[in-house]
Amino acid sequence: LPSISSGFLSKLESLRVSCCPELSNVLLPFNLLQRLQGLRILEVFDCQSLEQVFDFETDHQGLVDEKHKLGHDDQQLQLLSSLRELKLYKLPRLKHLFNCHGGRLVQLHNLLVIRITECHSLKNLFRPFVAPSLQKLKQLLVYSCEELEEIVDKESDEVQVQEKVLINEIVFTSLETLELSGLSNLNGFCMGSFPFYWPSLEQVDIQSCPKMMTFATTSGIESMPKLKKGMADGSKTSDDGGKILWALADERHRRWKLEIEGVIE
C-alpha cells in the first residue's frame, strides 16, 4: 500500500480482505502495522495462499529506524492496541496468528471477539505470553481447523527463559463464551504446566474434537466459577449451574462424557 498516506492508515477502523487467491506470505507486515493504530475490526476471508496475517518480526536496527521515523518510543509503539474483532475464515495455509517473541510490542487488551474458521495449518492460536494481554476477550470461537492441537501453546520453561518471559498463571478475565468445533487434532485448551483461570466463563460448546481428553492439564472445574452451560457432542449440562468435569472421556468411543456436579451416574 505505498500510495496510501500514513495519516489515512492511522484513521482506518475496519479492514476486510476477501477472495485474494494470489495473496501470499504476509498481509500486514511490521511497517504497516505501526500505521494501523486505529484498526478496530479485521476480517480476512478466502485467501488460499496467505501464510501470515500479522508479522511482528523485524531486525533490531529496523525496529529502531521505524520508531525514530514515527517518533515512537517503546511505550507508544503498541501494535493492535485498538483491535476489537478478529475474524479469519478459509485461510488453509495460515501458520501463525501472532508470530512474535516476548510480546512487548503486541497489545491485544481491547480485543473482544476472535473467530477462526477453516485455517487448517494452524497448530495453536497463542503463545503463552500473548494470552495475558487478552483481558477483554469475551468470545473465542474456533471451527474446523484440522491441524490445531492446542489453543495456547505448551512452551517449555527453557523457551520462556530464553525469551526472558516467565508465566506463572494465565487468566482469561472476561471470556464468557468458548466454542470449539470440528477440531480433529485438538488435544486440549493447553497441555502445558500453566494454571488457567476463567472467572467469567459462562458457556462452553465442544463438538467433534475426538482427541480432546482433558480441557487443561492443570485446571479443574473450580477455575470456572460462573459456568452455566456446557455442551459436548450434543449433550449438555443443566442451565442452572451444572458443571462440566473435563477429565472424563470415553476412550473406547472417543466421545466426551459429561457429569453434572452433585449427580451420580
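Okay, let's start with a rule: rings of Phe, Tyr and Trp (its six-membered ring) pair if their centres lie within 6.5 Å, and planes under 30 degrees apart count as stacked, over 60 as edge-to-face and the rest as tilted. Go by that, and this chain has six aromatic pairs.

Take Phe189 and Trp198: their ring centres are 5.4 Å apart and the planes sit at 85 degrees, so that's an edge-to-face pair. Both of them are buried, where buried means under 20% relative accessible area, exposed over 50%, and partly exposed in between, with a 1.4 Å probe and protein chains only. Then there's Phe196 with Trp198, centres 5.5 Å apart and planes at 10 degrees, so this one is stacked. Phe196 is buried too, like Trp198.

Now, a word on what we're looking at. It's a predicted model, so local features need pLDDT of at least 70, side-chain atom pairs count only at pLDDT 80 or more, and totals for chains, interfaces and linings use all residues. Residues are numbered from 1 along each chain as its sequence is written, and side-chain values use heavy atoms, with hydrogens and water left out.

How confident is the predictor? pLDDT is its confidence in each residue, from 0 to 100; the protein chain averages 77, and 68% of the residues score at least 70. Over residues 59-75 the pLDDT stays under 50, and the model gives that stretch 18 contacts beyond four places in sequence, a contact being heavy atoms within 4.5 Å. Residues 238-265 are also below 50, with 67 contacts beyond near neighbours in sequence.

Zooming out, the protein chain has four helices and 15 strands. Those are DSSP runs numbered from the N terminus: helices are H or I, at least four residues, and strands are E, at least two. Of its 265 residues, 46% count as buried. And if you take contacts between residues at least 6 apart in sequence, 80% join residues at least 24 apart.

Last stop, strand 3, residues 41-45. Is it enclosed or open? Four of its five residues are buried, so strand 3 is largely enclosed by the rest of the structure. Strands pair if DSSP finds at least two bridges between them. Strand 1, residues 14-18, pairs with strand 3 in the parallel sense over five bridges, and Arg16 has Glu43 as its bridge partner there. Strand 5, residues 85-89, also pairs with strand 3, parallel, over five bridges; here Ile41 is partnered with Glu85.

Terms used: pLDDT = per-residue confidence, 0-100.
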